[in-house]
Amino acid sequence: MIMSDKGLVSLDWYPQRPPLLKSNESSNSSIGSRTKSESKGIPIVIVIPGSMGSSSEYYIRHLAKSLSSYGPPNCRMVVLNHRGYARTPLLTTRFQSFAFTDDIHEVVKYLVETFPNSSLGAVGFSMGGNMLTRYLGDQGKECKLSAAVTICCPYNVAKLYKTILKPTLFNTRILQPNMTKSAQKFIRRNKDIIQSGARQYDIDALLMAKNVAQIDKLLIAPISGYSSLENYYAESSSDSVVSQITTPLLAINSKDDPMVPVNAIPVDSFRSNPNTVLVLTGYGGHLGFFSGIVPKIWYMDPVVQFFSALL
């Protein structure tokens, strides 16, 4: 799908996209579609992966099968793969960040225009949850979604980074090396596009970075239009917009999340907003929540039940 700024995202459907019917009506959608759905009332759930994630993630594939098997009748799921991921080429210098909600806005607009009879829901994981929360808050009463779910949303980006930069064994040996290498792989693959704008970036320094905060400072904050790393983290956080959400929202977080500290979660804002429900479990880690002798992701059942009730 071509976005209004000429960027490209890919939409992966499960089990398949609802059927389309040719129409004489032209669409204002950014992809220039001239088709509308002939389907009546097919629920659609949009999925926004976490940082550097895509439709190939295990938890997303598990959710797709759960919604298809036990969710609302004829439910379809569509994954909004971030720019430059899931074999989708990066075409512009704009790509995923904690506050980048433009692609969500355009995809929702496209789905509303193409499937006018369908009710829409959305699920955001980790960074995708932060993006979705910001979208919900920014849209307020104008939001076209009937229901939304976030899993392990970080809410306060500065507190997230303060946690993952602590010199613990897990952070220094596992989390930071893996996150940094994944980001550097993206940079190496797309360095020509990254350097195609008016501002030039120090690619060598980026490829030598020791953690993702350094990459944020050298690339993500300035390329996203922020004056500093601190400004990027403050403006990207979603804790300040929870009170503005009018769409029914189920937010699931864990107290033992190694990335999202409990003090980053705006508990009071959830309590005071009748449109939101916060589920804070004792255990679950970050995007884990495995339970049972035969491991199963616990939150699949409440997510499916939530959408079944509202879509």
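**Close-up 1. Helices α8 and α9 where they pack together.** In these views, axes are lines fitted to C-alpha atoms, for helices over the stretch in contact, and angles run from 0 to 180 degrees between N-to-C directions. The model shown here is a predicted one. Helix α8, residues 212-223, packs with helix α9, residues 229-236, at an angle of about 90°, and their axes are 9 Å apart. Because angles of 65 to 115 degrees count as roughly perpendicular, α8 and α9 are therefore roughly perpendicular to each other. On the side of α8 the contact is made by Ala213, Asp216, Lys217, Ile220 and Ala221, while α9 contributes Leu229, Tyr232 and Tyr233. Sorted by class, this contact of α8 with α9 has six nonpolar residues, two charged residues and no polar ones.

**Close-up 2. The covered residues of helix α8.** Helix α8 is mostly covered, since nine of its 12 residues are buried. The buried residues of α8 are Val212, Ala213, Ile215, Asp216, Leu219, Ile220, Ala221, Pro222 and Ile223. What covers them includes the helices α4, α5, α6 (191-194), α7 (203-207) and α9.

**Close-up 3. The buried side of helix α4.** In helix α4, which spans residues 157-164, the residues Val157, Leu160, Tyr161, Thr163 and Ile164 are buried. They cover an arc of only 160° around the axis, and so they lie on the same side of α4. As background, an α-helix has 3.6 residues a turn, so residues three or four places apart point the same way. Among the elements that cover the buried residues of α4 are α5 (169-189), α8 and α9.

**Close-up 4. Cysteines without a disulfide.** A disulfide is a covalent bond between the sulfur atoms of two cysteines, and this structure holds zero disulfides. For Cys143, the closest cysteine sulfur is that of Cys153, 15 Å away, which is too far for a bond. Cys143 is buried, and its relative accessible area is 13%. Cys152 is likewise in no disulfide, with the nearest cysteine sulfur, that of Cys153, 9.3 Å away. Cys152 is buried as well, with a relative accessible area of 0%.

Close-up 5. Cys152 lies in the loop between β7 (147-151) and α4, and although Cys152 is not a glycine, it has a positive phi of about 60°. Phe289, which is not a glycine either, also has a positive phi of about 60°, and its place is the loop between β9 (276-281) and β10 (290-291). With a relative accessible area of 4%, Phe289 is buried. Another detail is found in the loop between β1 (10-14) and β2 (20-22), where Pro15 has its place. The peptide bond that leads from Tyr14 to Pro15 is cis, with omega near -10°.

**Close-up 6. Gly137 and its surroundings.** Gly137 has its place in helix α3, residues 127-139, and at 2% relative accessibility Gly137 counts as buried. When residues up to four places away in sequence are not counted, Gly137 touches Val241, Gln244 and Ile245. Gly137 and Ser51 are 86 residues apart in sequence, and from C-alpha to C-alpha they are 20 Å apart in space.

Note on methods. Residues are numbered from 1 along each chain as its sequence is written. This is a predicted model: local features need pLDDT of at least 70, side-chain atom pairs count only at pLDDT 80 or more; totals for chains, interfaces and linings use all residues. Side-chain values use heavy atoms; hydrogens and water are left out. Helices (H or I, at least four residues) and strands (E, at least two) are DSSP runs, numbered from the N terminus. Angles under 35 degrees count as roughly parallel, over 145 as roughly antiparallel, 65 to 115 as roughly perpendicular and the rest as oblique. Contact means heavy atoms within 4.5 Å. Ala, Val, Leu, Ile, Met, Phe, Trp, Tyr, Cys and Pro count as nonpolar, Asp, Glu, Lys and Arg as charged, and the others, Gly among them, as polar. A disulfide is a pair of cysteine sulfur atoms within 2.5 Å. Buried means under 20% relative accessible area, exposed over 50%, partly exposed in between (1.4 Å probe, protein chains only). The arc is that of the directions from the helix axis to the C-beta atoms.
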